Amino acid sequence: MTRKRRVFFHTLLPLWKANRLSKGWLIQLLLVLLSAFLCIALSLVFTKTTAVYSAVPSGQKAIAQTPNLVQQGKSFYDAGQFAQAVKVLQQATDAFKANGNELEQAMALSNLSLTYQQLGQWTQAQSAIASSLDLLGYSVEKGRGAGEQESREANSIQNLAVLAQALDVRGRLQLAQGQSEAALTTWQQASEIYAKIGDNAGLTRNRINQAQALQALGHYRQAQKTLDEIEQTLRKQPDSALKATGLRSLGNVLRVVGNFNTSRQVLEQSLAITQQMGTDASGTPQTQVGDTLLSLGNTARAQQQTQTALKFYQQADSASVAPNTRIQAQLNQLSLLLEDRQWNAAEKLYPQIQASIVNLPPSRTVVDARINFAKSLTRLKQHDNAIAASWQDIAQLLATSVQQAKALEDRRAISYALGNLGELYEQTKQWNEAENLTQQALFAAQTIDATDIAYLWQWQLGRLHKERGNIQGAIAAYTQAVDNLRSLRNDLVAVNPDIQFSFRDEVEPVYRQLVDLLLRSEAGSDRNLENLASARTTIESLQLAELENFFRSACLDAKPELLDSIVDKGDRTAAVIYPIILPDRLEVILKLPTQKNLRRYTTKKSQVEVEKTLELLRQYLKEPDRTIDVQKLSQQLYSWLIQPLEVELEKMQVTKLVFVLDGSLRNVPMGVLYDDKQQKYLIEKYAIALTPGLQLLEPTPLQRQRLSALTAGLSEPREVAGIKFPRLPNVLYELKQIESQVPKSEELFNQKFTQANIQTQINSNPFTVVHMATHGQFSSNLEKTFILTWDRLLKIDELDNLLRTSDTSRSSAIELLVLSACETAAGDNRATLGLAGIAVRAGARSTLATLWQVDDRSTARLMSEFYRQLANTNLTKAEALQKAQLALWNDKTQDWKRPYFWAAYVLVGNWL
């Protein structure tokens with residue numbers, strides 16, 4: 001996990017009298033100087049302000065040195081030496097106060113607040129920014145500032161510029177502390193001031209910050225609209241360093257929110273502008289070239305384009321004149337080579353990094369770089385123990401990081417360095433030393449309320465306790481880690497986006513390993529019942545975390561109180577099944593209707609065997625002629641998942657099964673599980689539904705008396721975005737069959753099936769069903785999950801925008817979204833995350849979709865029967881689908897009995 005450097009805002013020399021400069025000339029100078037220091041960091045305030053130095057009376061040497069103190073503070077800040085920056089900035093603040101220069105004092109205090117934030121010293125940061133705003137005439141309680149005080153000097157251009165950017169610092173502090181709404185309000189106040197003084201650069205920077213606050217608040221459409229407007233504004237500006245840097249900042253933000261393609265386009269435009277400008281005497285454009293290439297590498301990496309990312313990192317290394325950018329490019333290149341198992345290339349690169357990193361002066365950035373390098377060396381050594389770097393060398397690298405972090409008085413860096421040294425001792429099985437270092441790291445993180453790294457050390461302590469046989473201590477440590485992860489739901493996105501890209505390594509295992517421990521307790525004990533409930537809750541939380549990582553945003557409104565009420569009150573014939581794949585076994589947790597206590601069943605099958613079976617079954621299901629192979633494999637799954645539960649299910653007269661599936665199990669339709677004794681598929685015995693978690697459901701049945709449908713489909717072959725899609729000749733027949741069952745219908749067919757027409761229909765009619773018969777793909781990559789319209793690929797966020805009506809007075813939601821002819825992405829083992837994502841974000845209570853492309857004649861037949869059954873008020877949506885599948889299975893006129901034809905259909909979400 002790396003952290004990106006925030007950019008210090010510094011003072012401008014030497015504008016010693018406001019009346020010496022015209023307003024227009026001053027604004028121009030402010031904009032030029034602001035543009036030189038725009039921040040490229042993600043999810044952080046781009047903090048630059050202008051400071052105006054007064055003339056210094058002769059003989060006041062201490063005061064004359066104050067600008068130098070501020071410049072020293074900036075130098076220390078830029079170098080990542082934050083404790084040193086605090087010391088000199090405090091001296092500057094005191095000197096400005098002694099001289100009565102309130103404007104300069106306010107600026108120094110704002111800088112001081114920003115530096116305290118870097119150190120995680122939130123109380124001091126709050127005090128400093130409050131003092132700064134007070135000096136500027138800003139009322140924190142009333143939210144009023146210099147802009148409303150016409151009679152004071154505070155209304156000068158200088159004061160307004162300082163106030164606006166002090167507010168930016170305050171907004172950054174609020175966002176870092178989880179106060180997203182307050183941050184948005186603060187930034188909106190700052191934007192009014194930027195607009196008043198004509199500071200377009202500051203306004204653009206500010207709006208990027210606002211977009212991130214909107215994202216953290218869950219206002220995704222508004223955030224995206226803001227980002228789109230920023231992009232258009234920047235594109236219209238003439239090429240300049242300011243435009244290039246603004247585009248780079250925007251490109252980085254777009255990557256964080258998951259808009260990878262646009263991020264790439266914006267960053268490429270930034271690079272082109274910078275390259276055309278050439279290099280001035282200071283080398284600034286060349287520095288920007290390196291920074292932009294590094295950003296392009298990060299975006300390509302997020303797109304899973306390994307070779308492209310490596311190329312960008314190599315170019316960034318060659319092009320940059322900044323040592324920190326070069327070392328970051330090299331480290332990113334090394335970690336990506338290791339991730340891609342390019343061991344030989346990694347072994348050739350690491351000596352180059354080793355030689356470079358020794359010469360870098362101590363700073364937060366360098367401490368991070370050493371830790372990053374040590375982690376990569378550890379991974380390389382685990383692959384090949386014969387590499388030149390020894391375990392002692394790696395330990396020394398981390399020990400030096402600890403020493404440098406302590407010298408910098410940077411508790412966050414101290415925590416991170418100590419924790420990683422503890423992890424190295426864990427690797428070498430030196431348990432006492434590992435635990436001691438991990439406890440120190442955790443204490444350092446907790447003293448600055450750094451929850452985003454504290455959870456790592458709680459997880460590490462859990463592993464250490466487990467290794468030493470202290471299971472209860474391990475459970476306690478893991479539970480604290482998971483609790484911290486839950487509290488970080490917004491911060492994982494808004495404050496620490498790096499975690500998004502290491503989710504499978506640094507987040508998901510915490511949940512899984514806790515579940516493993518919870519389910520190791522002896523059966524029958526009270527503690528076991530408590531642990532069983534905790535395990536179920538933890539799996540639900542993992543489902544939420546996986547989806548939020550998929551969306552790159554904390555977007556889900558979980559309601560834990562609904563966990564059991566949806567079954568016990570909403571449907572007393574439904575049981576909920578949680579299968580959990582663990583390294584050495586398959587666990588199943590069962591929630592029966594009206595039963596308080598959960599049941600647990602264990603099958604001793606390794607994760608490797610389970611996943612191999614699932615992958616083979618997934619392949620065979622897509623081949624019409626592999627029915628015997630399908631039955632053989634699905635019978636194994638039946639014996640593992642259902643057979644142990646059969647007695648309880650029959651006893652409770654369960655007729656519906658709701659699965660909260662884990663991992664690779666999501667890739668296989670549960671209805672195809674085969675009981676070889678009765679020679680029946682599971683769908684013949686139970687109606688079946690899937691859900692990403694009961695916390696996401698409302699126990700509301702389908703309102704059939706007002707059923708109305710918007711049907712849309714494509715039958716013609718299309719080529720969109722370079723992808724060729726074949727004909728679907730029976731789509732029109734499918735739509736007509738639906739319309740015959742749902743008289744209140746509107747149809748969008750072929751050329752009429754466009755985004756604009758969908759929007760018009762949704763806004764003008766309260767549809768309860770939206771049915772799309774078209775090509776589509778579900779993927780674990782947000783960018784590769786789409787629905788095909790006549791002229792474009794419709795992504796999840798766009799589908800969300802379309803289906804959520806703009807009429808806020810309308811209370812009815814779309815009850816059912818149907819996506820036929822869609823499929824999961826080939827070769828993507830987590831592709832059904834895309835299906836779950838659409839189900840959650842489309843604004844519909846339920847989604848019916850296909851896991852692979854089925855013959856569209858059988859699809860038309862099944863859909864017709866599904867809507868006919870849906871009209872029966874005594875049936876739930878799950879039961880209507882069950883009967884439609886069985887009707888297809890029993891059709892005597894066609895050979896549709898093979899699972900390929902009927903098993904692909906899955907209902908996700910509310911099954912009532």
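Entry 1, largest cavity. I looked up which helix gives the most to the lining of the largest cavity, and helix 35 does, with four residues. I note that the model is predicted: local features need pLDDT of at least 70 and side-chain atom pairs pLDDT 80 or more, while totals for chains, interfaces and linings use all residues. Residues are numbered from 1 along each chain as its sequence is written, and side-chain values use heavy atoms, without hydrogens and water.

Helix 35 spans 832-841, and helix 26 (526-551) likewise supplies at least two residues of this lining. Helices (H or I, at least four residues) and strands (E, at least two) are DSSP runs numbered from the N terminus. I find 15 lining residues, with Arg-666, Thr-691, Pro-692, Thr-832 and Ala-836 nearest the centre of the largest cavity. A cavity is a set of points on a 1 Å grid over the protein atoms alone where a 1.4 Å probe fits but cannot get out, and lining residues have an atom within 4 Å of a point. The largest cavity holds about 190 Å³; a volume is the space filled by probe spheres set on points joined across faces, edges and corners.

I record a volume of about 110 Å³ for the second largest cavity. Its lining has 15 residues, and Met-670, Gly-671, Ile-688, Tyr-905 and Val-906 lie nearest its centre. Strand 7 (687-690), helix 37 (877-889) and strand 17 (905-909) each supply at least two residues of the lining of the second largest cavity.

I find seven cavities of 30 Å³ or more in the structure.

Methods
1 Å grid on protein atoms, 1.4 Å probe; cavity = no way out; pocket = protein on both sides within 12 Å on 5 of 7 lines; lining within 4 Å.
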